[in-house]
Amino acid sequence: MALTSNNKHIISNKNLSIQISLNGLSFCVLNTESNTVVFLKEISTEKRETPYKILDLLIDAFETEKALKTAFNDIQVIHENELATLVPDELFQEENLADYLKFNSKILRSDFISFDKIDRNNSVNVYVPYVNINNYIYEQFGAFSYKHFSTVLIQQILEQEQAETDTKMYVHVQNTHFEIVVVKQGKLLLYNSFEYATKEDFIYYVLFTAEQLQLNPDSFILLFLGKVTDNDALHSIAYKYIRHIRFAKRNDTFKYLEKPKSNHAFFTLIHSL
């Protein structure tokens, strides 16, 4: 989805991607002339905040971070929340956006609802963006584009899996929640988001998902993305129950002034550029 205006961006060789969640913000600035990521930063909160507090953090970042005090040729905002659902193309009607969401998400009558096309899955992702964030970016910069986090995640995984034949469960880990994307022979079987507080919560939802899809823990491949490291609590407990565990990789060709700690971190942020 894009918000456009009559304002024209100042000519710039910088593109900006911002990922917004109620647990914090992530920023990525790409120099398009050198194909180099020149700024990559995450701002995390100790607890789940309100959209108003997250906006305050965003404003502060633009006021204090030197790398953000510049013109951008293109701006992409990624909204990360659980207020999203996939609808097959043939069933989608734009006038029914609220109806698609109300069955599995708590939405308010006043919520603004948007949608993204996911061409590789012949589906539409219906979701609630953070309108206060969109309004601020529009006021400051004019035209920009935005998507839901799961749109980028699903699209990129399906692109990587289009020639594969194995059954794989991608698990994208964040501080208080994680997403599961299951693919078989390059096709999407499931996408869902789960909140967790302990490693036991985490493995319960992983194994429950596998059971519902009749996946054998000795056969399918689990690939980690996001905030998980080799032999940490989540990786270790998963390894007790699932035979084949790997770390997924970003398939980007960017150079970096400062490389991310791992090749499975900032997956959606960087792939949105």
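**Exercise 1.** Which residue just after α5 takes a positive phi?

*Solution.* The model examined here is predicted. Just after α5, the residue with a positive phi is Gln 214, at about 55 degrees.

**Exercise 2.** Describe how the buried and exposed residues of α5 are arranged around the helix.

*Solution.* Step 1: a residue counts as buried under 20% relative accessible area and as exposed over 50%. Step 2: in α5, the residues Phe 202, Ile 203, Val 206, Thr 209 and Ala 210 are buried. Step 3: these residues lie on the same side of α5, because they cover an arc of only 125 degrees around the axis. Step 4: Glu 211 and Gln 212, on the other side of α5, are exposed. Step 5: the packing partners of the buried residues are the strands β10, β11, β12 and β13, together with helix α6.

**Exercise 3.** Identify the elements that build the largest nonpolar core.

*Solution.* Step 1: this core has 26 residues, and Leu 58 is among those with the most contacts inside it. Step 2: at least two residues each come from β2, β3, α1, β5, α3 and β9. Step 3: α1 gives the largest share, six residues. Step 4: a second, separate core of 22 residues includes Phe 202 and Ile 203.

Notes:
Residues numbered from 1 in each chain as written. Predicted model: local features only at pLDDT ≥ 70, side-chain atom pairs only at ≥ 80, totals over all residues. Heavy atoms only, no water. Buried < 20%, exposed > 50% of the residue type's maximum accessible area, 1.4 Å probe, protein only. Helix = DSSP H or I, 4+ residues; strand = E, 2+ residues; numbered from the N terminus. Arc of directions from axis to C-beta. Contact = heavy atoms within 4.5 Å. Core = buried A, V, L, I, M, F, W, Y, C linked by side-chain atoms within 4.5 Å.
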